[in-house]
Amino acid sequence: MKAVEERGAAAAPSPSGSRPAEQGVVISRGLRVYLRTMMPQDLEHMSAWVDDPFLERMVGSEFLHSYKHVWDKAPAFYDAVLNDPTQVALVIEACRGWTKPVGVVRLFNIHLLEGYAFLETIITDMRAMKRGFGIEAAKLIAYYGMDVLGLRRLEAKVYEYNVLSMNSLRRNGFRQEGVLRQAGYDGERYWDLVIFGILKDEIEAVRRRDKVYLPLDPSEGNGRESS
Amino acid sequence: MSAVATEERQDRQTSEGSQALGGLTRLRLAGPLTAATAPQFRARVRDAVDRGRARVVVDLQAVTGLDAAGLAALLDARRFLHAQAGGTLVLRANPIVCRALKETGTIAAFALSHGSGT
């Protein structure tokens, strides 16, 4: 699988049981999900996502936080995203079975000259979790970052209690690189943030490995590695 | 979605405003240069080179947005054109583009033109 830049929403998949992509430009496509560009209408979905306390606790997304608290859910947020030369934010759509987006994946703090960026994957629909959507979305945008943006390194931060995200990153070849002790605060107590990273050749190794997608393994260890 | 509309022309005149641009091929872009539209721009650059035009001015005066994908496309165009014999890339940037280039520290990577854009 290779990250592709496709033009036109007509390129979106429409197999039996799926809905056609009515908007946006499909940037990359996998077996379970595809990634498309954000549209102004997506702010409607985001307005619901930013009020979800579960997402706030598990992801603590600056992206969602900014939309809610800095932009006060203003439509201008869309233009701000579109005008941000340090990020690419894409909407995750399930290939079939869903009537609305299942999340957002983005590369942010992109340093094009140095070739690195940060990855954030947010699956917003509880029913969409543990279906491999987040894993595949992260994989697709990692390929996009490498193939199209020329990145050579990606980083991700995860709260120490977010085992699902840590396992997703490991499945995509990320390695734990360190722990930021008590760097996160959830309003009640401090939590460690676990740092993951992956290099270009490791992303390539994952791409070679994943000629066929593996089924999800529900039990993949528990929590972080000792670092 | 507003597409990046491109218009291409060969500049031969050496008027005051475009003196530095004489003999260059101009690609004029309008609208956002983002993940959605960058592929079109990349294709236009490749097409220009295929037709033996590796000295290119990209006119970004009418660009309304620039994300990391758009910026990456500009950097790739620079790399690609400079790899051609006699190839060069000049950007005619507006304040939106200038701000993005400064913010990302990439402004030094480009040759900028401040001509009239006529």
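**Salt bridges, sheet order and aromatic contacts**

B:Asp59 is buried, with a relative accessible area of 1%. The model is predicted, and all values are computed from it. The side chain of B:Asp59 meets that of B:Arg28 in a salt bridge, at 3.3 Å from N to O. This pair links distant parts of the chain. B:Asp59 belongs to strand β3 (residues 55-66) of chain B, B:Arg28 to strand β2 (residues 25-33) of chain B, and 31 residues separate them. The two partners fall into separate burial classes. B:Arg28 has 25% relative accessibility, so it counts as partly exposed. The 1% of B:Asp59 lies under the 20% limit, and B:Asp59 is therefore buried. Elsewhere, A:Arg36, A:Asp42 and A:Glu93 are joined into one network by salt bridges that share partners.

Over all chains, the structure holds 18 salt bridges. Side chains of opposite charge can pair when their charged atoms come close. In chain A, A:Arg106 and A:Glu120 form one such bridge through their side chains, at 2.8 Å from N to O. A:Arg106 sits in strand β4 of chain A and A:Glu120 in strand β5 of chain A, so the bridge ties together parts 14 residues apart in sequence. Both A:Arg106 and A:Glu120 are buried. A:Arg106 has a further contact. It lies over the face of A:Phe108, at 4.1 Å from the ring centre.

A further salt bridge joins the side chains of A:Glu177 and A:Arg153, at 2.7 Å from N to O. It too links distant parts of the chain: A:Glu177 lies in strand β7 of chain A and A:Arg153 in strand β6 of chain A, 24 residues apart. A:Glu177 is partly exposed, at 42% relative accessibility. A:Arg153 is buried, with a relative accessible area of 17%. The 17% of A:Arg153 is under 20%, which means that A:Arg153 falls in the buried class.

The strands named in chain A belong to an open sheet. Eight strands make it up, in the order β1-β2-β3-β4-β5-β6-β8-β7, and the pairing is mixed. Strands β1 (26-29) and β7 (175-185) of chain A stand at the edges. Each has a single partner strand, so one side of each is left without a neighbour in the sheet. From one strand to the next, the twist averages 25°. Strands of a sheet pair through backbone hydrogen bonds, either parallel or antiparallel. Strand β6 (residues 153-159) and strand β8 (residues 190-199) of chain A pair in the antiparallel sense, over seven bridges. Within chain A, A:Lys157 stands opposite A:Ile195 in β8(A). Helix α6 (residues 163-171) of chain A lies across β5 (116-123), β6, β7 and β8 of chain A. The helix runs at about 160° to β6(A).

Aromatic contacts were searched in the whole structure. Nine aromatic pairs are found over all chains. The rings of A:Trp71 and A:Phe77 have centres 6.3 Å apart and planes at 70°. The pair is therefore edge-to-face, as the plane angle is over 60 degrees. A:Trp71 is partly exposed, at a relative accessible area of 31%. A:Phe77 is buried, at 4%. The rings of A:Phe108 and A:Phe118 have centres 5.8 Å apart and planes at 35°, so this pair is tilted. A:Phe108 lies in strand β4 (residues 103-111) of chain A and A:Phe118 in strand β5 of chain A, so the pair ties together parts 10 residues apart in sequence. Both of these Phe residues, A:Phe108 and A:Phe118, are buried.

A:Trp71 and A:Phe77 also form one aromatic cluster with A:Phe63 and A:Tyr67. In another contact between charge and ring, A:Arg57 lies over the face of A:Tyr161, at 4.0 Å from the ring centre.

A:Asp72 is not a glycine, yet it has a positive phi of about 50°. It lies in the loop between α3 (62-70) and α4 (76-82) of chain A. A:Asp72 is exposed, with a relative accessible area of 65%. A:Lys130, again not a glycine, has a positive phi of about 60°. A:Lys130 is placed in the loop between β5 and α5 (133-147) of chain A. Its relative accessible area is 67%, so A:Lys130 is exposed.

Technical notes
Residues numbered from 1 in each chain as written. Chains lettered and ligands numbered in written order. Predicted model: local features only at pLDDT ≥ 70, side-chain atom pairs only at ≥ 80, totals over all residues. Heavy atoms only, no water. Pairing = 2+ DSSP bridges. Helix = DSSP H or I, 4+ residues; strand = E, 2+ residues; numbered from the N terminus. Axes fitted to C-alpha atoms, helices over the stretch in contact; angles between N-to-C directions. Contact = heavy atoms within 4.5 Å. Phe/Tyr/Trp six-rings, centres within 6.5 Å; stacked < 30°, edge-to-face > 60°. Buried < 20%, exposed > 50% of the residue type's maximum accessible area, 1.4 Å probe, protein only. Lys NZ or Arg CZ within 6 Å of the ring centre and 35° of its normal. Salt bridge = Lys/Arg side-chain N within 4 Å of Asp/Glu carboxyl O.
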